Amino acid sequence: MIGSFSLATAPAAQAQKKPVKEAEKINKKRNKLKADFSPYSKDQLQYDAEFAVAASSSNMLEIALGKLAQQKAIATEVKEWGKRMEQEHGQAEQQLQAIAERARITLPQMMGKDDKGIYDDIDDRKYFGFDKKYMRDLQELHERTIARFADAAAKVSDPALRTYAAEMLPKLREHEEITDQLFERASDRK
């Protein structure tokens, strides 16, 4: 079972339409029960769960966008970058799933509504404008993700989750730097 998310605990249709909301609902119940036996407050447990759910959705978005870039990008370097994003965020998601399973945090099976909207917007691009749109949106996505992970590295109470956030930060900053360079080159190509 991936990420300790069980469709048996939620109606299948609802879990498919709102995977992040369903994971958050399950985690909220878990946090309420766990707070009585945990050294962490219910709010701390909730923050940890919300970070894990958001990070998982973001990883799924980066994986899906990486696959899309490999299909639609014109420039070889953008295709290769998409492959690297797929691989590195795939590894990050596997690490997160293992941590979440140990911490009994439920992760979504699919990316959230906002992340799905970003994917759909990029996927809607015609092949010619894809490289530039993908790289620009990836810049914004990395800015948002870096802010989330920096915050989590300081605030998360679960030690394994805190380490995960802290160890991902340099990788995310490297991704942002390379994305900036690739965006400039894609913009120059027009």
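Modeller: Buried means under 20% relative accessible area, exposed means over 50%, and partly exposed lies in between, with a 1.4 Å probe and protein chains only. By that rule, buried residues make up 47% of the 190 residues in the protein. This is a predicted model, in which local features need pLDDT of at least 70 and side-chain atom pairs count only at pLDDT 80 or more, whereas totals for chains, interfaces and linings use all residues. Residues are numbered from 1 along each chain as its sequence is written, and side-chain values use heavy atoms, with hydrogens and water left out.

Colleague: Why does asparagine 59 count as buried?

Modeller: Its relative accessibility is 2%, and the cut-off is under 20%, so asparagine 59 counts as buried. Asparagine 59 lies in helix α3, residues 42–72, and, leaving aside neighbours within four places in sequence, has contacts (heavy atoms within 4.5 Å) that include His89, Leu96 and Tyr164.

Colleague: Why is the pair of phenylalanine 149 and tyrosine 164 called tilted?

Modeller: Rings of Phe, Tyr and Trp (its six-membered ring) pair if their centres lie within 6.5 Å, and planes under 30 degrees apart count as stacked, over 60 as edge-to-face and the rest as tilted. For phenylalanine 149 and tyrosine 164 the centres are 5.9 Å apart and the planes stand at 50 degrees, so the pair is tilted.

Colleague: What makes this pair a tie between parts of the sequence?

Modeller: Phenylalanine 149 lies in helix α6 and tyrosine 164 in helix α7 (residues 159–189), so the pair ties together parts that are 15 residues apart in sequence.

Conventions:
Helices (H or I, at least four residues) and strands (E, at least two) are DSSP runs, numbered from the N terminus.
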